[in-house]
Amino acid sequence: VATTGSAAVPLGLAAGAGQTAGKVLIFLGTRGALRSARLRKWLARRSPPPVPAEGPAPDGGPASARAGRRAAALPGVRSMKRAGQRLLALLDRPALAVPITFASALVGIPPLLAVSVYAARTRMGVLTFAAVCLAGRAMRFVAVAVAPDLVLR
């Protein structure tokens, strides 16, 4: 906007619409993947056997050593999993789902990509998600597009 002299509001709205279209595709893709019996069957055939959460394997063999090395190599996995579970619990509450999605679309906290994936696992409708996402993203990008004009004045 600063270099082209184009109108800030239409460009901000267009950017918000494009972002919303992408997030709705992620939302729908996640929702479809979660409901796909074919994908579930495929994952069930390829998933490794469960590894005990704590302590060595019953025989104390190489499986327990591999599990320990994996856990040590990925120290942030547990905290990320807990954060995802908390986000899902909050998004599953209808009174909080819309404000969280709007805040994510407007300021990016929590990241809208994560909200798009986790919201697909809740009861939130796709039209509600799209409308709230569009409102937040459009406001954000209009503000970003207007900012250079405010600074130049």
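Guide: Of the 153 residues of the protein chain, 24% count as buried, that is, under 20% relative accessible area, with over 50% called exposed and values in between partly exposed (1.4 Å probe, protein chains only). This is a predicted model, in which local features need pLDDT of at least 70, side-chain atom pairs count only at pLDDT 80 or more, and totals for chains, interfaces and linings use all residues. Residues are numbered from 1 along each chain as its sequence is written, and side-chain values use heavy atoms, with hydrogens and water left out.

Visitor: What makes up the order of elements in the protein chain?

Guide: The order from the N terminus on is α-α-α-α-α-α-α, and the chain has 7 helices and 0 strands. Helices (H or I, at least four residues) and strands (E, at least two) are DSSP runs, numbered from the N terminus.

Visitor: Why is Thr-30 called buried?

Guide: Thr-30 has 17% relative accessibility, and the limit is under 20%, so Thr-30 counts as buried. Thr-30 sits in helix H1. Leaving aside neighbours within four places in sequence, Thr-30 is in contact (heavy atoms within 4.5 Å) with Val-117 and Ala-120.

Visitor: And why is Leu-43 called partly exposed?

Guide: Its relative accessible area is 44%, which lies between 20% and 50%, so Leu-43 is partly exposed. Leu-43 is found in helix H2 (residues 37–46).

Visitor: Why is the pair of Phe-27 and Phe-129 called stacked?

Guide: Rings of Phe, Tyr and Trp (its six-membered ring) pair if their centres lie within 6.5 Å; planes under 30 degrees apart count as stacked, over 60 as edge-to-face and the rest as tilted. Phe-27 and Phe-129 are 4.6 Å centre to centre with 15° between the planes, so the pair is stacked. Phe-27 lies in helix H1 and Phe-129 in helix H7, so the pair ties together parts that are 102 residues apart in sequence. Phe-27 is buried at 0% relative accessible area, and Phe-129 is buried at 0% too.

Visitor: Which residues touch the most other members of the largest nonpolar core?

Guide: Leu-91, Ala-119 and Phe-129 do, among 15 residues. A nonpolar core is a set of buried Ala, Val, Leu, Ile, Met, Phe, Trp, Tyr and Cys residues joined through side-chain atoms within 4.5 Å. Leaving aside neighbours within four places in sequence, Ala-119 is in contact with Phe-27, Arg-31, Leu-91, Met-124 and Phe-129.
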